[in-house]
Amino acid sequence: MPTMNMLQAINNALDIAMAEDDKVLCFGEDVGVFGGVFRATSHLQEKYGKARCFNTPLVEQGIIGFANGLAAQGSVPVAEIQFADYIFPAFDQIVNETAKYRYRSGDLFNVGGLTIRTPYGGGIHGGLYHSQSPEAYFTHTPGLKVVVPRDPYQAKGLLLAAIRDPDPVIFFEPKRLYRASVGEVPEEDYQLPIGEAEIIKQGSDITVVGWGAQMEVIGKAVELAEEAGIACEVIDLRSLLPWDVETVADSVFKTGRLVVTHEAPLTGGFAGEITAAIQERCFLYLESPIARVTGMDTPFPLALEKEYFPDHLKIFAAIQHSVNF
Amino acid sequence: MTQATYQPAFMTGDEFSIPTFSVLNHDGDIYPDAQSPDLPRDKARHIYHAMLATRILDERMMAAQRQGRLSFYMQCTGEEASVIGATAALDDADMIMAQYREQGALMYRGFSFDEFMNQLFGNQLDYGKGRQMPVHYGSRKLHYMTISSPLATQIPQAAGYAYGQKLAGEGHCTLTFFGEGAASEGDFHAALNMASVHEVPVIFFCRNNGYAISTPAVEQFAADGIAPRAFGYRMHVIRVDGNDVLAVYEATRLAREMAVKDNKPVLIEAMTYRLAAHSSSDDPSGYRSKDEEEIWRLKDPILRMRKWLEQQNWWSEDEETDTQESLRREVLDTMKRAEKRPSPELDTLITDVYAEVTPALQRQYDALKAHIRCYPDAYPKGAQALGLKGDQQHKTGEQ
C-alpha cells in the first residue's frame, strides 16, 4: 500500500472522482495550472483539461454562487476556498442558498452535487486570517453536511464520500497536517461513511472527543494520561453535521466522563452542542462535569499562538481534573 | 498593451452614452427608423395573453392579500413587457433564474392558475410544499428556478448554471432577471466578471424600474444606470425600452444568439417603471408622487402592445372584453379552489432538508408529534395532518 501525505491523498481522491465522472469539476483561486497554493489540485488541469479544472477570479461569493448554479444544473462541482478564513464572503451563498436549495423548492431542485473544500486550523503561524476553524458557523445551518478528516486515509475516503453524497458538504482540511500527516492509503477507490464517528482507542475511565487536526493533539494528551494510569476512550467525530451522538453517548455511558476539544473559540463552539446533547442523554451516568478544552474567546493571535492553543497539556489537565473531580 | 499617455487625463465614463433601443411608440406605431421584429401572429397573441393574465392575476391577488386571504403578495405590474418579451425570445428549455417579480415568465411558459394559487396559499399541492412565502414560485418542467428572497444570489448561480449548459453542449442558455437595486449587491459583480472570464451562455436581464422599495435610482447608483457596468467586464450590452415589448423581444433574441452560438454573456438593461407598490407590505405614497405614477400609467406596456396588435388586425375590442372577463372568472374560481385545499403533510417539515431524513431530525419530529397529540387545539394544521381533528375544526384553524 503506498504511503501518502494528506495533500497527496486529497489529490488522489479528486483524480479518482474526476476520472469516474465527467460531471466532476474542480475550481477556485489558483487551482488550475498551478495546482493550488497547497498543491491539492496538482496535475488535474493537465489531465482533465481547462474546462474541468480551472482558476476563478478572486471572489469567494462568486465561486460558491457559480458552484451552486453548476450543482443545480446537474454538475458535480468541487469548489475550493483558499483558506477557511476567507469563506465568509460566501456565507450568504452557503447558508441561504446551498443549504436551503432542496428544502425551499420542495425537491424540484437541489445542489447535492456540491462539495466545498477548504483548509482550516492553526499551528502554522497564520495569525488571525490563516488559522480559523469556522465549523460552528456552519453546523448551525440545517441542510449542510460538515466533514473534517484527521489523516490521509480519512481524507481520501471522506472526500470521495463527500463528492458522491447527495447533499452539499463542506470539507474542512487540517492544513497543519497537509504534509505532516503521512500514512498508508489504498490506491483504489474507497469511501468512509459521513455521519459516523470512529472510536480510535478503547478505554474505560474517560471519553475524549475531537476532530481533524485536534486528534493528533488528543493522541499526545492521552499518552500522558495513560502514563498516569488513566484509560481514555478516544473518538474522532469525523462528521460534525450530522454528528454521531449515539457513539459518543454509548462511550460516556461506559466511562461516565467526557472531554471535548477543538481549536475554535469556546463560546458558541461545537463542543457546546456536544456537551448539551450528552448531558441530556447521559445525565445519570455523568460522574463529573463535561469539560471543554478549546481556543480562547479571542481572535486567533500570532505571537502567542502556543498559549492560545488547546494543546495536549491543557487536554491532559482537563482529563486529570475530570478523573479527580 | 495599454496605450501610453503623457497627460494626466482622468475619465469618468460620461464619454460614453448608451441609447435606449425602441421599436414601438406610445401609440403602438413602429418608429420610422425601426423595424418590426419577425414576430408571428400566434406568438404575438400568446405574449399579449400572458401579459394580460399576469396583470389580472396580480390585481386580484393583491386584493386578496388586502382581504387577509393571503399573507403576502408582489405585483409585476408595469413590467410585463420586459419579463414576458424576454421570455418569449428564449427557447422554452432555456433556464430562467428570476428575482421575484417575474411571474409573467411562468405565465408565458404555461404555469396554470392552479399552480400559481397552490404556491400562494401554500397548500398540499404546492410544489414547494408550503415552505416559502407567496410568489416564490418554481417549476422544474418549465425550467424556472425556484425563487429565493436574498437579492442577487441567483445571478452568479445563473453564470454557473450556464457554464454547465455550455459543457453539456445542448445549445441552451440561462437568463437571469434582477432589479437595479439587486445590481448593487456584490453577487452582481461576481457574476458578470466570472461569466465574462469563463465565456458562459448567460443573459443578465436587469429590470430598471426606478425604485428599490423606497430608494430611488439616484440613490442607488451615481452613473448612467446599470448598462455601462458591462464595459468593465468587456461584455456586450444593450439598453431597451422595457415598456416596448417588441424592443425587449428583439434585443433578447439577438442576445440569445450571441450567448448560445458564441458563448458570450450579454447584459440587457430594460428601462421600465414599477407601477404598483413594492409589495403588499409597502405604501409608495410615502416616497413618490401620484403625478409621477400617472405619467408612467400612460406608458403602460399592455396598452401599447394592444394598440399595435389592433393595428395588425390581430386583436379586437370584443376579444379584449371577453378575454379579460374569462381570465377574471378563472382567477377567482381557481383561488376559491386553492384556498380550500389542506395544508401540506406534517412530515414535510423535515423532508428535503437532506436527501434522506437524518436520525436527529427524526427524533425532533417524533417529539413534535407527541407534543401535538397533547395539545391538538393549539396546532390545528398539525393536528389535521395527524388525523386528530375533523375537517370543520381544520377550517377554523385556517382563519
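E115(B) and K141(B) form a salt bridge (a side-chain nitrogen of Lys or Arg within 4 Å of a carboxyl oxygen of Asp or Glu), with their closest N and O atoms 2.5 Å apart. The model is predicted: local features need pLDDT of at least 70, side-chain atom pairs count only at pLDDT 80 or more, and totals for chains, interfaces and linings use all residues. Residues are numbered from 1 along each chain as its sequence is written, chains are lettered from A in the order in which they are written, and side-chain values use heavy atoms, leaving out hydrogens and water.

- Helices (H or I, at least four residues) and strands (E, at least two) are DSSP runs, numbered from the N terminus.
- Over all chains, a search of the whole structure finds 48 salt bridges.

**Interface of chain B and chain A**

- Contact (heavy atoms within 4.5 Å) involves 43 residues of chain B and 44 residues of chain A.
- The two chains bury about 3,400 Å² between them, 63% of it on carbon and sulfur atoms; buried area is the accessible area (1.4 Å probe) that two parts lose on being put together, summed over both.
- On the chain B side, Q157(B), M194(B) and Y354(B) lose the most area to chain A, together 19% of what that side buries.
- One salt bridge is found across this interface.
- R363(B) forms a salt bridge with E246(A), and the closest N and O atoms are 3.3 Å apart.

**Packing of α1 and α11 in chain B**

- Helix α1 (residues 41-66) of chain B packs against helix α11 (residues 317-340) of chain B at an angle of about 45 degrees, with the axes 10 Å apart.
- Axes are lines fitted to C-alpha atoms, for helices over the stretch in contact, and angles run from 0 to 180 degrees between N-to-C directions.
- The contact residues include L52(B), I56(B) and R60(B) of α1(B) and L327(B), V331(B) and M335(B) of α11(B).

**Backbone geometry**

- Most residues other than glycine have a negative phi, and most peptide bonds are trans.
- A cis peptide bond, with omega about -5 degrees, joins L241(A) and P242(A); P242(A) is in the loop between β12 (239-241) and α9 (245-255) of chain A.
- I213(B), although not a glycine, has a positive phi of about 50 degrees, and I213(B) sits in the loop between β5 (211-212) and β6 (215-216) of chain B.
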